[in-house]
Amino acid sequence: APSRSARPKICCPAITPEGTREEPTMQFLLEVVEILTSYIKKTFDKSTKVLDFHYPHQLLEGIEGFSLELPDQPESLEQILVDCRDTLKYGVRTGHPRFFNQLSTGIDIVGLAGEWLTSTANTNMFTYEIAPVFVLMEQLTLKKMREIVGWPNGEGDGIFSPGGAISNMYSVMIARYKYFPEIKTKGMAAAPRLVLFTSELSHYSIKKASAALGFGTDNLILLNTDERFNSCFILFLCSCLQGYVPVYVNATAGTTVFGAFDPINDIADICEKYNMWLHVDAAWGGGLLMSSKHRHKMSGIHRANSVTWNPHKMMGVPLQCSAILVRERGLLQGCNSMCAGYLFQPDKHYDVTYDTGDKAIQCGRHVDIFKFWLMWKAKGTVGFEQQIDKCLDLSAYLYSKIKNREGFQMVFNGEPQHTNVCFWYLPLSLRHLPDGEEKRERLHKVAPKIKAMMMESGTTMVGYQPQGDQVNFFRMVISNPAATRSDIDFLVEEIERLGQDL
Ligand SMILES: Cc1ncc(COP(=O)(O)O)c(C=O)c1O
Ligand SMILES: NCCCC(=O)O
């Protein structure tokens, strides 16, 4: 028998059909659960850092033996457990109450359990026959979401997609199919020059869709926004676009940077008058539909032909979870169906309309519904409302705290429409400079420097960006129900601490 050292290390023993062949398998899983539960506890412990930042070359070289290289021989279970610990150690705690860097933050424990179960079930959404429960959960949840949008009895269609960008792309695809179905078989040459509209501050995925779907970004008209960054259709551009055919308008409900809401009713009036498809990108704002206090910001959304809504943002569902809701049934299927015989046999023994795969642009489709459905069961509709109202209250607290604070300057005036609070921080050295190019250039460098120090210290994280002619400013967004006023206070004081000597 080969010497012990020559024998391949026992990697994770497979689970055999008759059950667990090796006790170590279950012990291994229990140890992984211990690693994950320990991580969760630390994430909610504010004395824990948000991140332990290292540069790419450091991680690639391997830190304290943590190698990212792929071995030819199997590693031991013990090493696999070490790799699990290190992977979390050198990552970013996006569930930390002081992680404000993205729109998706937090760890919802029930949602997490739902994701664990989803991976354990490891099935596919394309047919009812291998995902009967999940397919029905998706159908009922989409109907509930359509009811909340305001479509009578939740009528319509929809699907969960791999993110808001894909949900937005779906909207452009089905709008095109609605008006020019022959494009599916004959291509864009079968249609006149089609024109799309969106606001200059809408998410870049609308532009991406116009490129990917063959419209060309030149045929996506970016509309100006008013002082509150709401896109307003001052003059209806279509009448002056000779020879073009306007087919689609995107209205954004909660823009990514400013959290602004477009005037949906005004836009719907124009779409109805000129027979154009109205899509509402509520990827970020959709969660506010759950709130009786805030849903008015999307007044008119029921007039949309399609809506993107990302539960993985304001509702705190683990990534990914995005829905495209469509008012007219049949368009998704008509636009995407290819009737693949090995999946969508018409002679199955059950109602094949429960097979969702052929209306998707995907084939294999991850089960994104269960974690959301489970969270809804755990919270109730009222629980989501309370969670979202709490985040909006926190952003109002932040706005009131800094709007007149020495060294802070708001990017736009007035209460934030969403949880986005955008501001500049001016170190002492800049506060008395006259407005002009020098001040702009120096201010533009402040946020990146503070952010870098934040990441080096690991104490908190918040995003920054320029926008139009506005130099780099911080964008604070709140979507983590674990965040509190003390975390908001910490962030403000940390920015002052790190930036005071710049
Ligand atoms: C308004 C808006 N639409 C679409 C998206 C894209 O969503 P996802 O990241 O899920 O693709 C975002 C992401 O921030 C967004 O803010
Ligand atoms: N659409 C990706 C998420 C953007 C953000 O978190 O800022």
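Predicted model: local features only at pLDDT ≥ 70, side-chain atom pairs only at ≥ 80, totals over all residues.
The peptide bond between leucine 319 and glutamine 320 is cis, with an omega of about -10°. As background, most residues other than glycine have a negative phi, and most peptide bonds are trans.

## Conventions

Residues are numbered from 1 along each chain as its sequence is written, and chains are lettered from A and ligands numbered from 1 in the order in which they are written. Local features need pLDDT of at least 70 and side-chain atom pairs count only at pLDDT 80 or more, while totals for chains, interfaces and linings use all residues, and side-chain values use heavy atoms, with hydrogens and water left out.

## Helix H1 against helix H3

Helix H1 (residues 23–43) packs on H3 at an angle of about 15°, and their axes are 11 Å apart; axes are lines fitted to C-alpha atoms, for helices over the stretch in contact, and angles run from 0 to 180 degrees between N-to-C directions. H1 and H3 are therefore roughly parallel, a class for angles under 35 degrees, with over 145 counted as roughly antiparallel, 65 to 115 as roughly perpendicular and the rest as oblique.

On the H1 side, the contact (heavy atoms within 4.5 Å) involves Pro24, Phe28, Glu31, Val32, Ile35, Leu36 and Tyr39, and on the H3 side Leu77, Ile80, Leu81, Cys84, Arg85 and Leu88. By class there are eleven nonpolar, no polar and two charged residues in the contact of H1 with H3, with Ala, Val, Leu, Ile, Met, Phe, Trp, Tyr, Cys and Pro counted as nonpolar, Asp, Glu, Lys and Arg as charged, and the others, Gly among them, as polar.

## Two oblique helix pairs

Helix H5 (residues 132–149) and helix H11 (residues 369–402) pack at about 55° with axes 9 Å apart, and the two are therefore oblique to each other. H5 passes H11 in a left-handed crossing, in which Phe134, Met137, Glu138, Thr141, Lys144, Met145 and Ile148 of H5 meet Ile369, Phe370, Phe372, Trp373, Trp376 and Thr381 of H11. This contact divides into nine nonpolar, two polar and two charged residues.

The axes of helix H6 (residues 164–179) and helix H8 (residues 204–212) come within 9 Å and cross at roughly 50°, so this pair is oblique as well, and its crossing is right-handed. Ala165, Asn168, Met169 and Val172 of H6 make the contact with Ser205, Ile206, Lys208, Ala209 and Ala212 of H8; six of these residues are nonpolar, two polar and one charged.

Conventions. Helix = DSSP H or I, 4+ residues; strand = E, 2+ residues; numbered from the N terminus. Left-handed = near helix turned anticlockwise from the far one by under 90°.
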